[in-house]
Amino acid sequence: MTDTYIFLIRENDWDSDRFLPGAEPADQESLATTFGEHQAFQAAVAELGARIVGGEALQSAKHGGIVTPGEGEAKVADAVYTDSPYADSSELVTGFYAVEVDDEATARRIAALVPTGGTIEWRKVFPIM
C-alpha cells in the first residue's frame, strides 16, 4: 500500500514575476539555476520507486496574504487580512510536491532531496476513506 506525503518548500520569497509571460525573457542560466534542480529531483524520486502525483511553484507572497476568519456568521465580515509572510519569519511556502511512497523511510529520504534554499516540511496525507 502506498501513502501520499506532501513536501512543503519553505524558503525566502522569490521573484516569480520574472518568469511570467510578458516579463523580460529570463536567460537560460537563470532558468537552469531556478528550475534545473527540480528536474533532477523528479528523476531522483522515480529512482527511489516513488511517484510525484502533484506539485506547484507558488507565486511570490505579494500575490497572496493571510486571513484570520471571524467567528460564526461573521467569518467573512470580521475577517482580518494581512500581507504575507508573517513578520517574525523570513521563510514562507514557495511550492510543494505531493509524492506517493511505499514507506516512511522513503518519504524521509525524499524530503532531504527536495531542492530548497531553506527547509522542507513534510507530512503524510490523512486518509479520507
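This is a predicted model: local features need pLDDT of at least 70, side-chain atom pairs count only at pLDDT 80 or more; totals for chains, interfaces and linings use all residues.
View 1. Even so, the helix has a kink of about 45 degrees, centred on Phe35.

**View 2. The buried face of H1.** Here we pick out Ser30, His38, Phe41 and Val45, which are buried in the helix. What do the buried residues of H1 pack against? Their partners are E1, strand E2 (51-57), E5 and H2.

**View 3. The largest nonpolar core.** This core is made of 14 residues. Those with the most contacts inside the core are Phe7, Tyr97, Val99, Val101, Ile110 and Val114. At least two core residues come from each of strand E1 (3-11), helix H1 (28-47), strand E5 (92-101) and helix H2 (104-113).

**View 4. The surroundings of Tyr97.** Leaving aside residues up to four places away in sequence, Tyr97 touches Tyr5, Ile6, Phe7, Ile9, His38, Phe41, Gln42, Ile52, Gly54, Gly55 and Val114. Tyr97 counts as buried because its relative accessibility is 8%, under the 20% cut-off.

**View 5. Tyr5 and Trp122, an aromatic pair.** The structure holds 6 aromatic pairs. In this tilted one, the rings of Tyr5 and Trp122 sit 5.7 Å apart, centre to centre, with 45 degrees between their planes. Tyr5 belongs to strand E1 and Trp122 to strand E6 (residues 119-124), so the pair ties together parts that are 117 residues apart in sequence. Are the two partners buried or partly exposed? Tyr5, at 4% relative accessibility, counts as buried, whereas Trp122, at 26%, counts as partly exposed. Ring pairs also bring in Phe7, linking Tyr5, Phe7 and Trp122 into a cluster.

**View 6. Phe41 and Tyr97, a second aromatic pair to visit.** This pair is tilted too, with 4.7 Å from centre to centre and 50 degrees between the planes. Distant parts of the chain are linked here: Phe41 lies in helix H1 and Tyr97 in strand E5, 56 residues apart. Phe41 is buried, with a relative accessible area of 2%, and Tyr97 counts as buried at 8% relative accessibility. We have already met both residues: Phe41 among the buried residues of H1, and Tyr97 among the core residues with the most contacts.

Key
Residues are numbered from 1 along each chain as its sequence is written. Side-chain values use heavy atoms; hydrogens and water are left out. A nonpolar core is a set of buried Ala, Val, Leu, Ile, Met, Phe, Trp, Tyr and Cys residues joined through side-chain atoms within 4.5 Å. Buried means under 20% relative accessible area, exposed over 50%, partly exposed in between (1.4 Å probe, protein chains only). Helices (H or I, at least four residues) and strands (E, at least two) are DSSP runs, numbered from the N terminus. Contact means heavy atoms within 4.5 Å. The bend at a residue is the angle between axes fitted to the seven residues ending there and the seven starting there. Rings of Phe, Tyr and Trp (its six-membered ring) pair if their centres lie within 6.5 Å; planes under 30 degrees apart count as stacked, over 60 as edge-to-face and the rest as tilted.
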